[in-house]
Amino acid sequence: SAGYTALALIAFAANSVLCRLALGQGAIDAASFTTIRLVSGALVLLVLVRATAKTNTADDSGNWTSAFMLFLYAVTFSFAYISLNTGTGALILFGSVQATMIIFAVVKGERLRLWGWLGLFVGLATYLVFPGLAAPSPSGAVLMAVAGISWGIYSLRGRGSRSPVAVTTDNFLRSTPFVLIISLVFLQSLHITFKGAFLAALSGGLTSAIGYVIWYAALRDYSATSAALVQLLVPVLA
């Protein structure tokens, strides 16, 4: 579980870096980045799910709600990083993730223990003096907060998954109609360079597709509050 968690958190941080590298330098538009990211992720996962077909169960599939949360996270994440730097974006993202998951846990009757509260306090206090953070643009902050809430819901819905590969693949496939629609809406803003497409495909095929499978596998050993708190490490890594 510790190994899975470490790999997943590194993947999450890498997503922020790759997205900012692509969008901050104008190598691709946000809608195209999102589309290439999720479509390439779906293709990689299709290959992976076929390779592990014997261990997957037919009734352990994704669903449209999770797929939409995945899409909403990805698209707002991309548009937010047009105006946010890597560290600030990651901080807002995972601050929103933690708030979403901890509120859910408290409503469901989970309680943070002393070490949990201490870890949350130290993490948040560290961010207040973290170097390299910049005041975010209001629109970027709102978009990234929506991304964080969406990712928090997606993570909560993935807890207890018996087949992370099958579930993640199904969710990625179900998300593709949504990203194709958003690409059509922003067709006039289309701008794709080789570098931008490569970064989007790398984000989708490796740090998203594989990273999310690993995260779903790790989630089986975490409560909602623990899953929220461990993600405090991502902004630091990013």
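**Exercise 1.** Count the aromatic pairs in this predicted model, then classify the pair formed by Phe12 and Trp151.

*Solution.* Ring centres within 6.5 Å make a pair. By this rule the count comes to 18 aromatic pairs. For Phe12 and Trp151, the centre-to-centre distance is 5.3 Å and the planes stand at 80 degrees. Planes over 60 degrees apart count as edge-to-face, so this pair is edge-to-face. Phe12 belongs to helix α1 (residues 2-24) and Trp151 to helix α6 (residues 138-158), so the pair links parts of the chain 139 residues apart.

**Exercise 2.** Decide whether Phe12 and Trp151 are buried or exposed.

*Solution.* The cut-off for buried is under 20% relative accessible area. Phe12 has 4%, so Phe12 is buried. Trp151 has 2%, so Trp151 is buried too. Both residues also belong to one aromatic cluster, whose members include Tyr73, Phe94 and Trp215.

**Exercise 3.** Classify the pair of Phe79 and Phe186, and state where each residue lies.

*Solution.* The ring centres are 5.0 Å apart and the planes meet at 45 degrees, so the pair is tilted. Phe79 sits in helix α3 (residues 64-80), whereas Phe186 is in the loop between α7 and α8; the pair therefore ties together parts 107 residues apart in sequence. Phe79 is partly exposed at 21% relative accessibility, and Phe186 is partly exposed at 31%.

**Exercise 4.** Locate Leu190 and name the surface patch that contains Leu190.

*Solution.* Leu190 is in the loop between α7 (164-185) and α8 (194-219). With a relative accessible area of 52%, Leu190 is exposed. Together with Leu184, Leu187 and Ile192, Leu190 forms a nonpolar surface patch of about 410 Å² accessible area.

Key: Residues are numbered from 1 along each chain as its sequence is written. This is a predicted model: local features need pLDDT of at least 70, side-chain atom pairs count only at pLDDT 80 or more; totals for chains, interfaces and linings use all residues. Side-chain values use heavy atoms; hydrogens and water are left out. Patches are made of residues with over 30% relative accessible area and no salt bridge: like charges are joined within 9 Å, nonpolar side chains (Val, Leu, Ile, Met, Phe, Trp, Tyr) within 5 Å. Accessible areas come from the Shrake-Rupley method with a 1.4 Å probe; for residues, only the protein chains shown count as cover. A salt bridge is a side-chain nitrogen of Lys or Arg within 4 Å of a carboxyl oxygen of Asp or Glu. Helices (H or I, at least four residues) and strands (E, at least two) are DSSP runs, numbered from the N terminus. Buried means under 20% relative accessible area, exposed over 50%, partly exposed in between (1.4 Å probe, protein chains only). Rings of Phe, Tyr and Trp (its six-membered ring) pair if their centres lie within 6.5 Å; planes under 30 degrees apart count as stacked, over 60 as edge-to-face and the rest as tilted.
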